[in-house]
Amino acid sequence: MAERHRDDVRPGPLEPYRAIFASRVRSQLAYRTSFVFDLLNSVSFGLLEYLEIYLIFHNVAILGGLDRAESLLVFALARSAFTLADLIAGPLDGIPQHVRAGTVDVLLLRPLPVLAQFVLGDVNLRRLGRLALYAVVMAWALGEVPIAWTPAKVALVPVTLIGGAAIFAAVFVVAGAGQFRLLDGGEFANGFTYGGGYVASFSGQVLPAPVRAFFTAVVPATFTGYLPTLVLLDRDGPAGLPAWLGWFTLPVGVIALAVALLLWRDGLRHYQGGGG
Amino acid sequence: MTSALWAYARAGFHRYATYRMATAAGAFTNTVFGMARAAILSSAITTSAVTAAGGRVGGYTAAEVVTYAWVGQALIAPVHVFQWTELADRVRTGDIAVDLARPVDLQLSLLAADLGRAAYSLLPRALPPMIVAALTFDLALPGTPLPYLFGLVSTVLAVTISFACRFVVNLAAFWLVEVRGVVGTYVAVSNLLCGLLVPVSWFPPWLDLVARMTPFPSMLQAPLDLITGRAVGPHALTVLATQAAWVAITVILGRVVLAWATRKLVVQGG
Amino acid sequence: MSVIEVERLTREFAVGRRGLGRRRVVRAVDEITFTVHAGESIGYIGANGAGKSTTIKMLTGILTATSGTVRTCGRDPIQHRREVARRVGVVFGQRSQLWWDLPLAESLTILAAIHRLPARHSTARRNELVDRLGLSAFLGRPVRQLSLGERMRGELAAALLHEPELLVLDEPTVGLDVLSKERLRVFLREENQGARGQGRTMLLTTHDMDDVERLCDRLLVVDHGRLVYDGDQAGLVHRVGAHRVLVVDLAEPVPTLEPAVADLGGVTALDSESDGLRHRFAVVPGRVGAAEVLARVGQVAQVRDLSIVEPDIEDVVRRLYERSSPS
């Protein structure tokens, strides 16, 4: 039997995702000037976030038990994770518009999971500008802060970024799922998504205990930057927030995503049930 | 003409009245950020060596900075510190021609609409965060009515300055195909210099100098200082006078640029 | 094997403002039962709001049923949404499945990838569709710049690229000009009849009786969610007397034209007005053409002007309902 020619072989299961993603990237880059401007604006806003911390430390030396370099490490870790999640899960912001326009139906007609289509179809490459800034800050902070490096700690940095991105992605997905049920109230999600990202970029010690508990157990923001930084510094956290939790960012992210996917399925079923 | 402007103001008011849910959601987000910022800034002050020695950090005690954070969040919606491209969009689509053909002054009618919008959003966006703030934090708010009166006047001036600046920035659409770069930069710079991130008095001297050369501190820090009773007596009047001056400068600038733009439009035929 | 099996399918909606306590339940689809076999061409007709689109949504997995069962290509469209999507091609008249900002060609490329079509096969298939639908002229243009007729042809190509067993069309000719409608109908007829005797099953919702006449072997008529007729067009016409009305204006008045058409089957002289200057004929579609009637009239009188009034779907349905409801 002759070998099947490449052109006659059915493409693999990832082919649909590759094609949608590639098309989206192409169309973003097609409008070159707009894209460059968006990229630069993204850097500006990243700079603004950085300047907030810089200006605080112009007036004080310690914030929530951390000095400037340590705070910037928390900032860089958390913001990078947030931006990575925003890159792909950011588009879940626009679900009410999609529901009103009827475009969700179009997604249901395709032989692909709806969430995957949302996520890949609206990748936000502009965010890369911010990411570059955070990378610079992180590199500087990691060098500046006195850390007793061990192989485990070295591995912790990329693991934290992935786990952190998973956590924020989960928050975005839950927010998206909620928007299927509460069409007009979709913007409430912003308080949790962008609010969570903001809180995560600072030391968890500054938060009043109940708020801290919420942003650890419900929206696991402290796992994305603060707790791992405590681990790297071999330092203790405030009462009720032990530093060793910082090793668990990735498992927490995985659990958060699993919960988020369940809630997403529920939200989509609600839409299919006519609630839209 | 004034009745027409009043109609625009009412229309601006009503337009935003339909966005009830969005307003509620916005108030919720303001509350979350108010909580976070109050916690962050007050913690910075409480653990500071300066406070331990009995001084103020950048002129603020913990209670004062908490109040600053909350009142700031309450004000950002009326003052509209975010991105705004409605006018630039209309220039891009060519709808601006319709607006310019109307017998009402473009800048004043848009200003009237913006003041209507601000008036509508004031209570729903400002009140919920302030209520939460009062219940959860110790606020340092004045007990007499005068600061609030000054604050109200100052807020109106601040909204006007904010609008006038956004107006000028949007006019760039007459010359640039893509205004994203300009608008994005404007939002970033104005957010920094208006005292949204940290109080203006926390700026290093060079940044403080830069800020005072711009209208931005008059957009947020000014009404903030008056409402919280930070600027009282003759100081309060200075603040108001500075705002008034900036109102004049930005509004006139807007008119000049608009005249320039419309002349270009006429010459080039749109 | 049946391509569509629907049994006592029902869909209810709660209507009314939330929180006011009183919410009315509306049955958009009410205990509908029918089966569609391979190769059939079905017209699903009814007035606006009769429940056509709701049924389509339940067939394709967009909407769940309140009660009853639905099987599309042998599967439950909700449980096996993606499998059903692979076997069905859908064209919505009002909603586009193409990527708005991208050239039509790119939409087709992405769809080929989404359906994981082997390269050689999908290229051949695509070229065939481009040819038959005449897409090459605007293949490179962004979809948002296409006219409605061009866009509908693009949507058809998109729906047929993966060679589905079933083609579902929801109001495909709405808003199209006469020429575009005709081209679309010719294409759809070809698809259903099939070049190699292997026709594609087709389900078409419409409230345009011309679509029905040209394309459908079997009609399902719905009214207020209920199925009120399932059969062929001749039967429907026979049941309600749905006919076209040919209005003829003469140069000189003639008292009656009845003798001219008396021996012609399928046409009845209805009435005349303006003392015989204008005459009306009832013409049964499919049995006799307007041209033939005109020719007969022209033999005895000089025709100055004419117009044709098509049977109104609301009219047909109303009459059907009147006949089927107990009096």
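**Entry 1: contacts within chain A**

Residues 24 or more positions apart account for 80% of the contacts in chain A with a separation of 6 or more; two residues are in contact if their C-beta atoms, placed from the backbone, lie within 7 Å. I noted that residues are numbered from 1 along each chain as its sequence is written, and that chains are lettered from A and ligands numbered from 1 in the order in which they are written. In this predicted model, local features need pLDDT of at least 70 and side-chain atom pairs count only at pLDDT 80 or more, while totals for chains, interfaces and linings use all residues.

**Entry 2: fold and dimensions of chain A**

I found twelve helices and zero strands in chain A. Helices (H or I, at least four residues) and strands (E, at least two) are DSSP runs, numbered from the N terminus. I then checked the dimensions: the C-alpha atoms of chain A fill a box of roughly 65 × 45 × 45 Å along the principal axes. Of the 276 residues in chain A, 48% are buried, that is, have 20 or more other C-beta atoms within 10 Å of their own C-beta atom, with C-beta atoms placed from the backbone.

**Entry 3: contacts between chains**

Which of the two pairs of chains in contact shares the most contacts? I found that it is the pair of chains A and B. Here 32 residues of chain B are in contact with 35 residues of chain A. H2(B) gives the most to the side of chain B that touches chain A, with 14 residues. By class, this side has 20 nonpolar, ten polar and two charged residues. Ala, Val, Leu, Ile, Met, Phe, Trp, Tyr, Cys and Pro count as nonpolar, Asp, Glu, Lys and Arg as charged, and the others, Gly among them, as polar.

I turned next to chains A and C, where the contact takes 22 residues from chain A and 25 residues from chain C. H1(A) gives the most to the side of chain A that touches chain C, with six residues. That side of chain A divides into ten nonpolar, six polar and six charged residues. Chains B and C do not touch, and their nearest C-alpha atoms are 15 Å apart.

**Entry 4: helix pair in chain B**

I examined H2 (residues 20–46) and H4 (residues 62–79) of chain B, whose axes come within 8 Å and cross at roughly 155 degrees. Axes are lines fitted to C-alpha atoms, for helices over the stretch in contact, and angles run from 0 to 180 degrees between N-to-C directions. H2(B) is therefore roughly antiparallel to H4(B), a term for angles over 145 degrees. Among the residues that meet are Phe33(B) in H2(B) and Trp70(B) in H4(B).

**Entry 5: helix pair in chain C**

I also looked up H4 (residues 119–133) and H5 (residues 148–160) of chain C, which pack at about 150 degrees with their axes 10 Å apart. These two helices are therefore roughly antiparallel to each other. The contact is made by Leu129(C), Val130(C) and Leu133(C) of H4(C) and Arg153(C), Leu156(C), Ala157(C) and Leu160(C) of H5(C). By class, this contact has six nonpolar, no polar and one charged residues.

Terms used: Angles under 35 degrees count as roughly parallel, over 145 as roughly antiparallel, 65 to 115 as roughly perpendicular and the rest as oblique. A residue is buried if 20 or more other C-beta atoms lie within 10 Å of its own, exposed if 12 or fewer, and partly exposed in between; C-beta atoms are placed from the backbone.
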